[in-house]
Amino acid sequence: MSNKIGWIDNLRALACMMVVMIHATTYYVANGVAVGEHNWDMANVLNSISRASVPLFFMISGFLFFGERSANQKHFIRITCCILFYSVIALIYIACFTRIGFWPSLRAILQKPVFYHLWFFYAIAVVYLLSPLISVKPVSGRYLAGVIVILAIIANPNTSKLTLDNVQLLPVNLYIFGDTFYYLLYALAGRAIGVMVTQRRGMSLLAVLCFVASVVLIIRGTKSQMFINGSFADTFYMYTGPLVFVAAVSLLVWCKNCLPNPIGWLGVISRHSLAIYGFHALIVNVMRNRHWEFPAYPLLDIFWVFGMALGVSLLLSMGLQKVDTRRLVS
């Protein structure tokens, strides 16, 4: 189905590359001004631009599975195989090349992923499990905008507190707890926007302006929070935060309106996005730990790590697909 929808393939490819960029810049943003304020600023900009990536994956899944069709046995088998396969790969890497510890990682596999990026497979399984129970009805743009403003901003527990005369105004308490609520809300919004008529005058420009404004606020907020805390804080980076939510919705609308037709090179990345996601974090970790990098040239270093992680993961995916003919893990 996704291969017949050009903007979905393009969006998946963009989200995939943005995820790789997040992990390519993590070393710099996590070390604060110790890497140099200018270098940290560059990494913060690139990371902030890419924060919408993982939410976009939830929105794509919602568009595909919260409508006429839902996840079926094939999809459940696939997500289980992905968790097992990439966990085994990560365990082999941990045992051979790190001091993390093979058995401690394995014992906790039911509680947390073996390697940090694999959390997504656990979270997306919830969307798959609930998809047979959910069919999103067509709604108006005004209604959806109202829902997003209320649930993703005004009542979002991750919204910065706003008080007046010791009275807390924001966030409003609607008893929303847990990140899973927002992962499902992303999926619901993805389906609602996907079937909505968004090609209206000024809509694409509005989406661009909202995306840019959100990213600018993430950049400024993250830097301000770092100076307040004295160290890096991911307060504004959180995937369930209000600014990231607005950025993800805006990027989806723009891509749907402006990239409706398949683009060759994006299609290649999209077809291999699953394995790229599964492999790339390990490659970034290898490059950082083995010092296959250019610390004297931070901007070059970021794009070097990004390019190598993306390229090597793509090659591994191509090789894996020759073996994995049923596309269970690739």
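# A tour from helices α7 and α8

Begin by selecting helix α7 (residues 141-154) together with helix α8 (residues 179-194); the two pack at an angle of about 170°, and their axes lie 12 Å apart. This is a predicted model. An angle over 145 degrees counts as roughly antiparallel, and α7 and α8 are therefore roughly antiparallel to each other. Turn the view to look at how they cross: α7 passes α8 in a left-handed crossing.

Next, show the side chains where the two helices meet. On the α7 side, select Leu144, Leu151 and Ala152. On the α8 side, select Phe181, Tyr182, Leu185, Ala192 and Ile193.

**Val172, in a loop**

Now move to the loop between β2 (167-170) and α8, and select Val172 there. Is Val172 buried, partly exposed or exposed? Its relative accessibility is 36%, so Val172 counts as partly exposed; the class covers values between 20% and 50%.

Ile154 falls within the residue range of α7, 141-154. Then pick Pro157, which is 15 residues from Val172 along the chain. The distance between the C-alpha atoms of Pro157 and Val172 is 8.1 Å.

**Ser250, in helix α10**

The next stop is helix α10, residues 242-258, where Ser250 is placed. Ser250 has 6% relative accessibility and therefore counts as buried, the cut-off being under 20%. Which residues does Ser250 touch, not counting those up to four places away in sequence? Select Ala207, Cys210 and Phe211 to see them.

**The whole chain**

Finally, zoom out and colour the protein chain by secondary structure, which comes to 13 helices and 2 strands. The chain has a radius of gyration of 20 Å, close to the 20 Å that the globule rule gives for 330 residues, so it is as compact as a globular protein of that length. Along the principal axes, the C-alpha trace spans about 55 × 50 × 40 Å.

Colouring by accessibility gives another view: buried residues make up 51% of the 330 residues. To end, consider the contacts between residues at least 6 apart in sequence; of these, 78% join residues at least 24 apart.

Definitions and conventions. Residues numbered from 1 in each chain as written. Predicted model: local features only at pLDDT ≥ 70, side-chain atom pairs only at ≥ 80, totals over all residues. Heavy atoms only, no water. Axes fitted to C-alpha atoms, helices over the stretch in contact; angles between N-to-C directions. Helix = DSSP H or I, 4+ residues; strand = E, 2+ residues; numbered from the N terminus. Parallel < 35°, antiparallel > 145°, perpendicular 65-115°, else oblique. Left-handed = near helix turned anticlockwise from the far one by under 90°. Contact = heavy atoms within 4.5 Å. Buried < 20%, exposed > 50% of the residue type's maximum accessible area, 1.4 Å probe, protein only. Rg over C-alpha atoms; globule rule 2.2 N^0.38 Å.
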